[in-house]
Each structure stands twice: as C-alpha cells, then as structure tokens.
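User: Hi! Could you walk me through this one? I'd like to start with how the chains meet.
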Amino acid sequence: MIRINPRITEKLAFAFLFFSTLLILVPVFLILVLIFKDGLPALSWEFLASYPRLGMRAGGIFPALLGTVYLAAGTLVFSLPIGILGAIYLSEYAKDHGFKRVVEVAIINLAGVPSVVYGLFGLGLFVIFLKFGASLLAGSLTLGIMSLPVIITSTREALGTVPKSFREVSLALGATKWQTIRRAVLPNALPGILTGTILALSRAAGETAPILFTVAAFYLPKLPQSIFDQAMALPYHLYVISTQVPNVKLSIQYGTALVLILLVLAMNIVAIVIRARFRKRKLW
Amino acid sequence: MNPKISVKNLHLHYGDFHALKGVSIEIRPCRVTAIIGPSGCGKSTFLRCLNRMNDTIEGVKTEGLITIDGEEILHTGADLIRLRKKVGMVFQRPNPFPLSIFENVAFGPKLHGVSGPKKGGRAPSLEEIVEKSLRAVNLWDELKDLLKDSALRLSLEQQQRLCIARLLAVNPEVLLMDEPCSALDPVATLRIEELIHEMKKDYTIVIVTHNMQQAARISGETAYFYLGELIEFGRTDRIFTSPEKKETEDYITGRFG
C-alpha cells in the first residue's frame, strides 16, 4: 500500500467533489440554453394569445396555455383544502399509533406512484366509472390526488416549525385546540404551506401522463366552456407537435417548451420569494 | 382564611416515571408562594398540574385532588377553558407571538370574545383592556406609541412583561410563574420581582424558581420539593432561618442542588 501525501489526497478530493457539483449544473445550463436559443425567436404576444393554425404548424398556443392554467387552478381547488386539513389532523390531533401510521404509509406510497399510473387511475375512476368523461374536472382531480402528498408533507413540516411555546401560551390563555391552531399556529405556518403548495402546482402544471387519458385534447377549435369539457394543455401539446404532427417548425416546438419552462420557473420563483421574505421576518 | 388552592395527595406518572409522589399543599390567596428544589424534582410538573397543562403531554396520568376556590379541577369533565382563564401561566422564556404589541395583549380577550368585568353596564373595549393590562406591568408609558410595532423587537425584560400583560388581559385570579426570570439579567430580574411584589395584592401567585435568594425576597411561603415529594412547606422566613427537615437545610445552605 502506497501512502499518498495527505496534501495531495485533499486536493484530489476537492477536485472530484467540485467537479461532481459542476456536473449537476451542466444539464440545467444546457436545457436552458437550447430551449432559449431555439424558442426565444418564436416568443411573442401573438404566439401566446392566438390559436394554432394550419394543423398546428403555425399560429400560437393560447388554448393550451389557458388549459394548463385551468388545470393548475383545478388542482389547487381539490388538493389544497384536503391536503391542509388532513395535515392539520395528522400533525395536531392524531394520536401516535394505528390509524396515523396507516395514513402516513399511504401518503408515502401515494408519493411513489408513477405519474402514468395516476393517469390510468383517473381514467378508470373519474372518466369512466364516475362518468365525468375526459374533462377538466377529471384532469384536475387526478392532478389533485397526485399533488396531495407534497402538500400534506410540506404543510406538516411548516406546522412542525411553529414553536411549541406558541401552542402552550395559547392553550394556557384558555384557547381551545382549534382556536390555538387557527390563531397561533396556522398564521405562522402559512408561508411554508404556500411554498410547498406552489411547488406542487408547478409540478402538476408540467405533468403529461396524468392528463393524457383524463383531459388533454389533441386539438380543439374552441376553448372549454365548462369543467366537463376537454381542454388542450401545454405539456401534451408539446408532445403532439413534437412527435405526432409532421413538419412543425422547430421554433414553434421550442417556443412551446420555453413557455412551459417559464411558467414553472415563475411559480418556483414566487415560492422562493415567499420563503425568503418569511425567513427574514422570522425572529424566534 | 380559606386556601385559594388546595392539593391533596397528588400523584403524577409520566409513563413509568413517578414524577409527583403524594403532594399535599394549601396555597393562600393574594400571597406569593415559592416552589424551590433541585432540577428534576417536579417543581414545574407540579405547577403545570394547577392549570392542567400536563394534559397536552401524552402519557401523563394524574391522581389526587386539586380544588381551586373549592372547585375540583382534575376530573375529566372540568371546564379547562374557564380553568385556564382563571389560572394563568408565565413561562420560562419570554414567548410573545410574532405579532404587534397590541395584538399580543389582545390575543386572549379576542379568544374569549372580549368579555371583561362590566363597569356601569358597559364592557371595556379591547383598547381599554390592552391599556389597563400594559399599565399593570408598567409598560404603557414606554410603549403606548409603539403598539403597532412587532413584539419581537422588545428587550427580553419588556417581552416578559408583555407576556404577563397578555395574561392579565383575560382577568386571571391565579398566576403560575415557571422561572419567569431565568432568561433575564440581574437588573431585569429585580424589576420583574418588584412587579410580582406589586401584583400580589390582586393575584394569588405561585412561582417556581431555581434562585433561592429570589424565593426569599419575594415569597410569603416556600415549598421545598425533592424527587417528586414535598419535603417542607411553611413561611418563607422560617424555612430559610430554621428549616425543620435536614434535606431542606442542606439545600438552602447550598450543600447540594
């Protein structure tokens, strides 16, 4: 065994660690550069606000963009109340045995289900069994269920960061448990809950598989009129114009990808800003 | 004089740990009663029995009899909300909410729908309650123009006074204080002690303290706890000058603890 000078091993270790970190950055950088390079020229008000034309080989992406916004809103409506209320029950009320354990394991499993399986599940339950048809309702419910684990987990983490003393003081002043949660705990957990929710939504907005069978339309000449209508959605639209329709200009494909990425990025930035502002304010 | 709080044969188990072993004590109204003893002797646990705060900890079993103004508080149907309004608590570390000074004091009254003692048929407004409570802890003059500021900007002493004001705003009769000065410097400690001295004419105060000089300075009665048992209880001047029990003497002369 040759003993290498520790000074050299230190340098080697540093080099390898730093190089690995650099490798993490490379794909992010490449994705952004490629998409911006080919997508930016396509980006215009016209592109965002007009319908696809000539069999989606020209025109804009307005229906798909709007569909994705609708789906994100629908996801929020279904997953936020259930997620937050369930998380409050688990963290603040449930005793530490039996039922609580079962629910916790269920949440972990829910988080591990592949998104295409959510899609099939949504197809079976909402589209066929409950007869919602392929619709905004079915798609939102499917995405909502997929987002639940993230919302529940981040809500529970946020509740956990609220100091125990806030709960004690409130109870000691004669508050009920629910008053304590509503007045002393939730206001201080809200930024964390918001951050987690936005991150969950931004993931849902970019998913393709869950909406594939439940809501997404190949092409629709008009906007959805109700929650029982199908809708176009950005991720699926991107898939369609990239693989299903021949001779689509590269700039339209990359432009669509760019809009999707910017949408998700914008949501993540909002989440980061909320978290940063909260950290600054938090003094306990 | 009837005791304000009467405790008979109080036992408390934390899972397998026998934390309080048959404590019996009678606490007189409008007095300061100090509870002293080495760490882990059950002082705080005992204090937290008096407003049932131990209920929030899983695995705690309490047996015995505690009556406050003749009313038994340990039975399962006891009205905890009324009990905790009547028996307030000040904690070791000042723990204001990350809200404005005003909102901190208004927290309790808002919980209970702002119901104060009626004066000439009119309930006091939230503003009046906040002012009265802040005056009672001598904070009004320095903070009256800063009520909208965050309570977290105050000094530790001011924060602890604010926490006491927050408590007074719900009109308690008994104040439980769990080492209220342990996070404060000696000067602030003395000033809080003065406040306790002023408050004892209106409130029954039970204070847990590590600091024997503090117990001697502020209390009328002193109880010495050791390993979950009440070893000795009596007038503070007597406990500190001629304790009856050997253990008490060892502790207060600093031979251990």
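Predicted model: local features only at pLDDT ≥ 70, side-chain atom pairs only at ≥ 80, totals over all residues.

User: Great. How many residues of chain A are in contact with chain B?
Analyst: On chain A there are 19, and they touch 24 residues of chain B.

User: And what area is buried between chain A and chain B?
Analyst: About 1800 Å², with carbon and sulfur atoms giving 69% of that.

User: How many salt bridges does the rule find across that interface?
Analyst: One. A salt bridge joins the side chains of A:Glu168 and B:Arg48, at 2.8 Å from N to O.

User: Which helix gives the most to chain A's side?
Analyst: That's α7(A), with seven residues. Both α7 (164-172) and α8 (177-206) of chain A supply at least two residues each. By type, the side of chain A that touches chain B has nine nonpolar, six polar and four charged residues.

User: Nice. Switching topic: at what angle do α3 and α10 of chain A cross?
Analyst: Roughly 145°, and the axes of α3 (residues 62-93) and α10 (residues 234-244) come within 8 Å.

User: Which residues make that contact?
Analyst: From α3(A), A:Ala64, A:Leu65 and A:Thr68; from α10(A), A:Leu234, A:Pro235 and A:His237.

Key:
Residues numbered from 1 in each chain as written. Chains lettered and ligands numbered in written order. Heavy atoms only, no water. Axes fitted to C-alpha atoms, helices over the stretch in contact; angles between N-to-C directions. Helix = DSSP H or I, 4+ residues; strand = E, 2+ residues; numbered from the N terminus. Contact = heavy atoms within 4.5 Å. Buried area = accessible area lost by both parts, 1.4 Å probe. Salt bridge = Lys/Arg side-chain N within 4 Å of Asp/Glu carboxyl O. Nonpolar A, V, L, I, M, F, W, Y, C, P; charged D, E, K, R; others polar.
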